[in-house]
Amino acid sequence: MTFAAPLHLVALLAIPAVALAFVLARRRRRRFAVRFPATAVFARVAGGQPKWRRVVPPALLATAAAACAVAFANPQATAAVPVEKASVVLVTDESGSMAATDVDPSRLQAAQSAARAFLGKVPDSLLVGFVGFSSQTNTVVEPTLDRDEVKTALASLQADGGTATGDALTAALDRLEARRGKDGKRAPAAVILLSDGARTAGSDPLVAAQRAKQLGIPVSTVALGTAEGTVLAPNGEAIPVAPDPETLRQISSITGGTFTATDDAGALEGVYKKLGSKIGVKHVKREVSSSLAAAGLVLLLAGLGTGLRWRARLP
């Protein structure tokens, strides 16, 4: 929360000052009070009043004053608002190295689970597309509101072949460049690229990254796997399939996206959820003075009401 007029918060200093004056006044009254000998007898006959009833009314009034003082400073809360026509494309590697089990249960299954978590986190109004790739672009889903279509594409992924990262990124950019908002301008867009290895086929992904930069489309990249990852060749030989974080880091740096390297399925899902909470929304400031003022009024009435009911006088 921020304040448009923070200097008005100085009014809060009046609350402890008034409370101190109230306490001093009560002590002064006690000092000069004339004691009536039968006071204790009358108090026992009438029945004592719980101490908390003497404290609640002034506490409510103090809280009401604090709420009104804060409202006077024009507080503003930041809210996430869905962006109209915003799109994101999930670009997911399904090359043979994604069968490695250094990420439990496998790199590919961890990627599929994280993408499903992403779909559950993003705003309903966000258009989501999908590109699955290995030696070439295998599956393409145009940005859509139909989450089931994207989930079906995710479920169809099979770890096989090489890694054509540049071709896949180019396919995603082709879909996003063509989208336009109601004003005719290109709609806000982003790409999330997950891969575990260096390019072995297709075009240079850094050239595609330069294109994304020109279009103003950030590409957030995720490098999945460990240096110890291996897959079995047809002859049973273990082939090392270490990830290639450097290329993915360059892509995100060029385009203004974020880069994450992970070797844990749970952490990967957390990365996708975090990205999902940011993509497709914009943060706007909304004034909440009226809400605080209303709360202050309710507390004021409560303080006055309890004081009159319990003590037959204002606090």
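Reader: Is Asp264 buried, partly exposed or exposed?

Author: This is a predicted model, in which local features need pLDDT of at least 70, side-chain atom pairs count only at pLDDT 80 or more, and totals for chains, interfaces and linings use all residues. Residues are numbered from 1 along each chain as its sequence is written, and side-chain values use heavy atoms, with hydrogens and water left out. Buried means under 20% relative accessible area, exposed means over 50%, and partly exposed lies in between, with a 1.4 Å probe and protein chains only. Asp264 has 39% relative accessibility and therefore counts as partly exposed.

Reader: Where does Asp264 lie, and which backbone nitrogen lies 2.7 Å from a polar atom of its side chain?

Author: Helices (H or I, at least four residues) and strands (E, at least two) are DSSP runs, numbered from the N terminus. Asp264 is in the loop between β10 (259–262) and α9. A polar contact is a pair of N or O atoms within 3.5 Å; within protein, one must be able to donate a hydrogen and the other to accept it, and residues adjacent in sequence count only if both atoms are side-chain atoms. For Asp264, a polar atom of the side chain lies 2.7 Å from the backbone nitrogen of Ala267. The C-alpha atoms of Asp264 and Asp102 are separated by 8.7 Å, although these residues are 162 residues apart along the chain.

Reader: Which side chain reaches the backbone nitrogen of Asp264?

Author: The side chain of Thr262 does so, at 3.2 Å. Thr262 belongs to strand β10 and, at 8% relative accessibility, counts as buried. Contact means heavy atoms within 4.5 Å. Not counting residues up to four places away in sequence, Thr262 touches Val222, Ala223, Leu224, Gly225, Ala267 and Leu268.

Reader: How is the packing of two helices described, and at what angle do α4 and α9 pack?

Author: Two packed helices are described by the angle between their axes and the distance between the axes. Axes are lines fitted to C-alpha atoms, for helices over the stretch in contact, and angles run from 0 to 180 degrees between N-to-C directions. Angles under 35 degrees count as roughly parallel, over 145 as roughly antiparallel, 65 to 115 as roughly perpendicular and the rest as oblique. Helix α4 (residues 107–121) and helix α9 (residues 265–278) pack at about 30°, their axes 8 Å apart. These two helices, α4 and α9, are therefore roughly parallel to each other. The contact is formed by residues including Ala110, Ala114 and Phe118 of α4 and Leu268, Tyr272 and Leu275 of α9.

Reader: How does the contact of α4 with α9 divide by class?

Author: Ala, Val, Leu, Ile, Met, Phe, Trp, Tyr, Cys and Pro count as nonpolar, Asp, Glu, Lys and Arg as charged, and the others, Gly among them, as polar. The contact of α4 with α9 has ten nonpolar, three polar and three charged residues.

Reader: At roughly what angle do the axes of α4 and α5 cross?

Author: The axes of α4 and α5 cross at roughly 175° and come within 10 Å. Helices α4 and α5 are therefore roughly antiparallel to each other. On α4 the contact is made by Gln112, Ala115, Arg116 and Leu119, and on α5 by Arg147, Val150, Lys151, Leu154 and Ala155. By class, the residues of this contact are five nonpolar, one polar and three charged.

Reader: Where is Asp196, and is it buried or exposed?

Author: Asp196 is placed in the loop between β6 (189–195) and α7. Its relative accessible area is 1%, so Asp196 is buried. The side chain of Asp196 reaches the backbone nitrogen of Met98 at 3.5 Å. Among the residues that Asp196 touches, not counting those up to four places away in sequence, are Asp93, Arg107, Leu224 and Asp244.

Reader: Which residues does a cis peptide bond join?

Author: A cis peptide bond joins Asp104 and Pro105, with omega about 0°. Pro105 is found in the loop between β3 (87–93) and α4.

Reader: How many helices and strands are there in the chain?

Author: The chain has ten helices and eleven strands. Of its 315 residues, 37% count as buried. Among contacts between residues at least 6 apart in sequence, 80% join residues at least 24 apart.
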